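Subject: Structure for you to look at

Hello,

Here is the structure I promised to pass on. Please open it first, then read my notes below.

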Amino acid sequence: REAGYHTNNLTLDAFLRSKADADKSPATTVAKTDYNFEWNEAETYDNTHWDTRPNGKPFFVQVQLNGGKYRGHGIAKQWPETVERVLGSRTQADPSQLPPYLAPAPEVLEDWAQYLDTVRYTDWELGRILERLKASDELNRTVIFFMTDHGVSHIRNKQFLYDGGTHVPLIVSGPGIQPGQIRKDLVEHIDLGASSLGIAGVPKPAGMHSQDILSKDYKPRDYVYAARDRADETVDLIRSVRDTRWKYIFNGYPNRPYLQPNNYKDNKPIVQAMRRLYAEGKLNQDQSLILADTRPAEELYDTNSDPFELHNLAAAPQHQSELKRLRSELRAWQLRTNDPAEPESEEVYRLEIESKHAEAGKNTEDKQYQDNVQLMLRWMREKPLVGAK
């Protein structure tokens, strides 16, 4: 915006408004943010539609699509009906579509089918975005980044550092981008910052860890890193590092279950079904992993031979060199980025989980949420962090 761009953060419907409609009523509101830091809306985004900006003024717009959220928390009929009406058909539940860590329970099968339809629907929405840009004669001079904010919103993926949670789509199209290329280099979300600044001709701030993946002097990363800490009321600390083949994960709470109580996730029928089947002893070894009462301090996976990251090789004598290499690389990254590698204090935790601001936790008044909070407070003493530095 400081470089002269008109900036918007819009819902799909707001972005798609016609030029005539936008001219008649140019005001817009900011869509989802979840920035997790204090920021000033008026200094960040313009409050008028991108297609009403002055002639010659460039624009930057983030369009927020619902993606997997369309299917909601439950197995509802409304979403499949929408898919059939708009796309002409719906995906049928099929056990062969499931990854091996999921049990073919009816709730899981139906949810997975509905999730696949959210992908089809998102593709249709993206087509509408392209048509809207074309209608305003902007398509051929606009660079488009398509990505998601996390992987599959499911029991073992979202909020975890397996590839199902961290390997997200990235498609880039526009002037100067050769079509049809498939790149295999390692890219982090933060790289989109420097890449978009580079397209706009804006110098990258000195403190940015981001790098321009479209620049002529771009050097691919040797590793990508990921971190998970508290999510809503649920305290955790996980770190990972990955090269093109090997993944190393550090668990700061090996004395806690993978699926610690979480009000957001535990209300999902898919999670309830997996918990029920586990209690009944009906899950196989791969399906049971995520429901274990404890977890290893370290995990190591060969993603070439084990793409679903089910066979932990951290204790295997023949793979100790890879374990030590990646462990050392993770520690070096933590030092470079000043990773605190520790949870919030009890005082800060209470302030955060009880906060009423717009980007705080959801359903904080729910009894289960409050019960989970009390459990987390107790576990701070009973199941504390194991050294992570």
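Which residues in α5 meet which residues in α9? From α5 they are E107, V108 and D111. Their partners in α9 are P269, I270, A273, M274 and R276. Keep in mind that this is a predicted model.

**The α5 and α9 pair**

The two helices pack at an angle of about 150°. Their axes are 8 Å apart. Angles over 145 degrees count as roughly antiparallel, so α5 and α9 are roughly antiparallel to each other. Their crossing is left-handed. By class, the contact of α5 with α9 has five nonpolar residues, three charged ones and no polar ones.

**The cores**

Nonpolar side chains tend to be buried together in soluble globular proteins. The largest nonpolar core here has 29 residues. Six of them touch the most other members: L102, V108, I155, F160, M274 and I290. Helices α5 (106-135) and α9 (269-279) each supply at least two residues of this core. The largest share, five residues, comes from α9.

Look at M274 next. Leaving out residues up to four places away in sequence, M274 touches Y101, L102, A103, V108, I155, L283, Q287 and L291.

**A residue in a loop**

Where does I290 lie? I290 is in the loop between α10 (285-288) and β8 (298-302). Is I290 buried or exposed? Its relative accessibility is 3%. Buried means under 20%, so I290 counts as buried. With sequence neighbours up to four places away left out, I290 touches I155, R156, F160, Y258 and L259. Take Y258, which is 32 residues from I290 along the chain. The C-alpha atoms of I290 and Y258 are separated by 5.8 Å.

**The α12 and α13 pair**

Now turn to α12 (residues 346-353) and α13 (residues 367-382). They pack at an angle of about 170°, and their axes are 12 Å apart. That angle makes α12 roughly antiparallel to α13. On the α12 side, the contact is made by E346, Y349, R350 and I353. On the α13 side, Y369, V373, M376, L377, M380 and R381 take part. The contact of α12 with α13 has seven nonpolar residues, three charged and no polar.

Best wishes

Terms used: Residues are numbered from 1 along each chain as its sequence is written. This is a predicted model: local features need pLDDT of at least 70, side-chain atom pairs count only at pLDDT 80 or more; totals for chains, interfaces and linings use all residues. Side-chain values use heavy atoms; hydrogens and water are left out. Helices (H or I, at least four residues) and strands (E, at least two) are DSSP runs, numbered from the N terminus. Buried means under 20% relative accessible area, exposed over 50%, partly exposed in between (1.4 Å probe, protein chains only). Contact means heavy atoms within 4.5 Å. A nonpolar core is a set of buried Ala, Val, Leu, Ile, Met, Phe, Trp, Tyr and Cys residues joined through side-chain atoms within 4.5 Å. Axes are lines fitted to C-alpha atoms, for helices over the stretch in contact, and angles run from 0 to 180 degrees between N-to-C directions. Angles under 35 degrees count as roughly parallel, over 145 as roughly antiparallel, 65 to 115 as roughly perpendicular and the rest as oblique. Ala, Val, Leu, Ile, Met, Phe, Trp, Tyr, Cys and Pro count as nonpolar, Asp, Glu, Lys and Arg as charged, and the others, Gly among them, as polar. A crossing is left-handed if the near helix is turned anticlockwise from the far one by less than a right angle, and right-handed if clockwise.
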